[in-house]
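Subject: Handover of a structure and the findings on it

Dear colleague,

I am passing on to you the structure below, together with an account of what was found in it. Please have it open beside this message as you read.

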Amino acid sequence: MKKTVLMMVCLLTATMAFGDNHWVGTWGTAPQLVENNNNPPSPGLGNNSLRQIVQVSIGGEKVRLKLTNEFSTGSTEIKAVELAYAKTAGSSSEIDESSTVSLTFNGKAGVTMPAKGKAVSDPVNFQLNGRQNVAITIHYGSASSTSVSGHPGSRTTSYLKSGNTTDFSNATKTDHWYNILALEVEAPETAGAVAILGNSITDGRGSTTNEQNRWADVLSRRLLANEPTTQVGVLNMGIGGNCVLAGGLGPTASSRYQRDLFGQEGVKWIILFEAVNDLGGAQNGVQTAKRIIEVYKQIIREAHQKGIYVFGATITPFKGNNYYSADHENGRSTINKWVRTTKMLDGVIDFDKAVRNPQDTIAMQSQFLFENDWLHLNAKGYETMGGCIDLNLFTKTDPVSDAEDPEEPYDDAALWMEAEDLRTNTVGTAFRLVSDATASAGKCLETVTQTTPAPTDSIYMLATTFKVAKAGTYYVYGRVKCPSYDDDSYYWGIDESLENNRFANGIVTSGWEWKLIGSKMLQAGQHKLVIGGREDGASIDKLCITVNPEAPSGMGGNTTAVKTPHATRQATSTELFSLNGIRLTAEHAQGPCIAVSRAEDGAIISRKIVIRN
């Protein structure tokens with residue numbers, strides 16, 4: 001009787017621990033469209049076999065595999081997939097043959113993934129230990145080798161062989177992963193994973209190929225060796241060359257975080273560690289940093305709604321790299337200060353402090369340099385990064401933070417103007433007034449006519465007078481929408497006529513954004529701002545005149561009562577010409593003539609007149 005009760009208790013405990021099939025990611029990677037130079041080598045994927053090796057984090061007894069075709073333009077046919085214990089971490093294709101298990105997909109040996117599709121295998125019994133090396137062997141049917149979804153920065157060798165084979169001797173080697181997305185284990189409810197959003201420093205550039213010594217790997221080994229954290233999986237979602245906001249390699253972090261963080265199984269923690277590629281190409285480091293912080297805040301809010309802890313990691317130094325400038329360093333400092341002080345995050349990982357040079361804190365310690373590029377770290381540097389993380393972060397039981405950063409006042413003395421208020425019956429009439437629900441006050445102005453050289457007629461200008469209380473450098477920002485490089489510029493001037501060499505250019509946006517139009521040192525007193533259209537298709541919503549060198553955000557502040565100067569058409573000088581262009585004096589002019597006048601507002605006015613004596 002006692003034995004029966006004990007057996008029932010054990011069964012009940014097992015059911016409670018693994019109830020509802022609690023899956024947790026033990027390995028994963030962030031996919032992208034593989035670049036041409038990283039595509040599968042000959043003989044290619046189609047009708048051939050590929051063995052790829054991964055090193056998992058936590059163990060388990062039942063696993064399932066996820067595959068992806070997300071970026072491929074055609075379908076990918078998988079005829080069969082096997083899992084086995086790999087004998088190395090990637091330096092050879094050898095496996096323990098006796099450990100091999102075949103996967104099924106909805107009960108079938110193979111699966112065809114449509115373009116942009118994915119596939120999940122059926123669960124299979126497969127005993128995994130922590131940090132086990134696993135070989136994933138895929139036998140392809142029809143598959144492209146030029147439109148491939150994968151992860152180029154594997155730091156692990158894969159093996160490609162012709163035909164449907166399990167013999168990978170003399171196989172073609174390639175240090176990339178293709179089509180594999182995640183390996184998951186069935187685990188107790190207490191288990192969970194940390195997903196890391198990062199770029200090449202997380203992806204492992206500078207680590208040793210086939211030695212699995214990225215900083216995320218170092219963290220994983222430490223977690224497994226620490227009794228309270230033995231059930232914490234680590235998912236490396238770094239993409240080399242990735243950006244948070246725009247450009248770079250792979251989908252931006254701002255567009256992929258839903259997939260790579262919230263789309264992973266069993267995620268209980270998130271680490272945010274990405275920004276350096278954005279900063280390295282920034283035109284305004286602080287402004288770029290603030291936009292990245294806004295993305296971070298959005299991720300944090302969404303994670304906290306799901307009960308997920310979020311930790312921020314400081315950006316490591318890059319002085320000595322071509323990314324470095326004083327402006328870009330100001331951007332890095334802005335992000336790091338926010339990470340260290342915000343109440344929104346649930347914890348801080350100070351990578352910057354761990355690897356910086358104590359004698360030159362904006363540079364990395366030379367012992368950590370990879371190829372002396374002063375940006376990426378070597379294996380010793382990654383060991384230091386992974387070793388500096390407080391493992392108690394992954395034993396937190398406090399509720400996730402519900403704090404929000406207080407809104408910082410932008411500039412109490414800033415002047416805010418709706419662009420449409422600067423358009424009158426005689427000034428700015430060449431701009432089209434457009435209704436737009438996403439614009440401040442629901443309206444904006446669109447440049448209709450491309451104007452080169454700089455316009456002299458006030459119908460192509462927006463103008464306002466304003467007064468400043470003290471001398472200083474003043475910045476003019478415009479909330480603009482410029483969808484391409486063919487419609488992304490405005491002429492501007494303060495207290496002077498518009499000139500061909502004074503314009504804001506390259507202010508391409510993906511939507512409404514505040515962009516710097518220009519800046520000038522002004523004395524206290526009254527001044528006149530003029531904005532001129534330059535390229536058709538550019539739209540302007542709002543203007544701000546401020547002493548703050550950082551761009552505003554959102555809709556900006558409340559509009560200020562502005563004074564719009566009326567077009568002054570009173571001529572200050574007039575010259576007369578005959579119809580064939582000969583200059584005439586007033587006393588000799590008669591009959592049809594051309595009068596060319598310069599108005600007080602700088603406009604050139606030409607009109608045909610008839611002089612009768």
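Predicted model: local features only at pLDDT ≥ 70, side-chain atom pairs only at ≥ 80, totals over all residues.

**Helix α7**

Helix α7 runs over residues 326–341 and contains 16 residues. From its first C-alpha to its last it reaches 22 Å, which is close to the 22 Å expected at 1.5 Å a residue. Which residues of α7 are buried? They are H328, E329, G331, R332, I335, N336, W338 and V339. As a general point, an α-helix has 3.6 residues a turn, so residues three or four places apart point the same way. The cover over the buried residues of α7 includes the helices α5 (276–280), α6 (285–305) and α8 (351–355). Strands β19 (309–313), β20 (347–349) and β22 (360–364) are also included in that cover.

**Strand pairing**

Three strands form an open sheet in the order β2-β11-β14, and their pairing is antiparallel. At the edges are β2 (32–33) and β14 (177–178), each of which pairs on one side only. Strand β11, residues 149–151, is joined to β14 by two bridges. Within this pairing, H151 stands opposite W177 of β14.

The bridge partner of E446 in β32 is S539.

**Cavities**

How many cavities of 30 Å³ or more does a search of the whole structure find? The search finds three. The largest cavity has a volume of about 190 Å³. Its lining comprises 21 residues, of which W27, G28, R214, D217 and N236 are the closest to its centre. Two or more lining residues come from each of β1 (23–28), β3 (48–55), α3 (215–225) and β17 (232–238). Sorted by class, the lining of the largest cavity holds seven nonpolar, ten polar and four charged residues.

The second largest cavity has a volume of about 50 Å³. It is lined by A430, F431, T447, V448, T449, T451, Y460 and G533. Four of these lining residues are nonpolar and four are polar, with no charged residues.

**Individual residues**

N199 is located in the loop between β16 (192–198) and α2 (200–203). Is N199 buried or exposed? N199 counts as buried because its relative accessibility is 2%, and the cut-off for buried is under 20%. Apart from neighbours within four places in sequence, N199 is in contact with G238, I239, G240, N242, F273, E274, A275, V276 and N277.

P228, in the loop between α3 and β17, is exposed, with a relative accessible area of 58%. P228 and G280 are 52 residues apart in sequence, and their C-alpha atoms are 39 Å apart in space.

T112 belongs to strand β7 (residues 111–113). At 47% relative accessibility, T112 counts as partly exposed. Leaving out neighbours within four places in sequence, its contacts are S75, T76 and E77. The C-alpha atoms of T112 and V148 are separated by 14 Å, and the two residues lie 36 residues apart along the chain.

**Backbone geometry**

Two cis peptide bonds may be noted here. The bond from S42 to P43 is cis, with omega near 15 degrees, and P43 is found in the loop between β2 and β3. The bond from T452 to P453 is cis as well, with omega near 5 degrees; P453 lies in the loop between β25 and β26 (461–468).

Positive phi values also deserve mention. R131, although not a glycine, has a positive phi of about 60 degrees. R131 lies in the loop between β9 (124–128) and β10 (133–140) and is buried, with a relative accessible area of 14%. N210, likewise not a glycine, has a positive phi of about 70 degrees. N210 lies in the loop between α2 and α3 and counts as buried at 15% relative accessibility.

With kind regards

Definitions and conventions. Residues numbered from 1 in each chain as written. Heavy atoms only, no water. Helix = DSSP H or I, 4+ residues; strand = E, 2+ residues; numbered from the N terminus. Expected span 1.5 Å × (residues − 1). Buried < 20%, exposed > 50% of the residue type's maximum accessible area, 1.4 Å probe, protein only. Contact = heavy atoms within 4.5 Å. Pairing = 2+ DSSP bridges. 1 Å grid on protein atoms, 1.4 Å probe; cavity = no way out; pocket = protein on both sides within 12 Å on 5 of 7 lines; lining within 4 Å. Points joined across faces, edges and corners; volume = space filled by probe spheres on them. Nonpolar A, V, L, I, M, F, W, Y, C, P; charged D, E, K, R; others polar.
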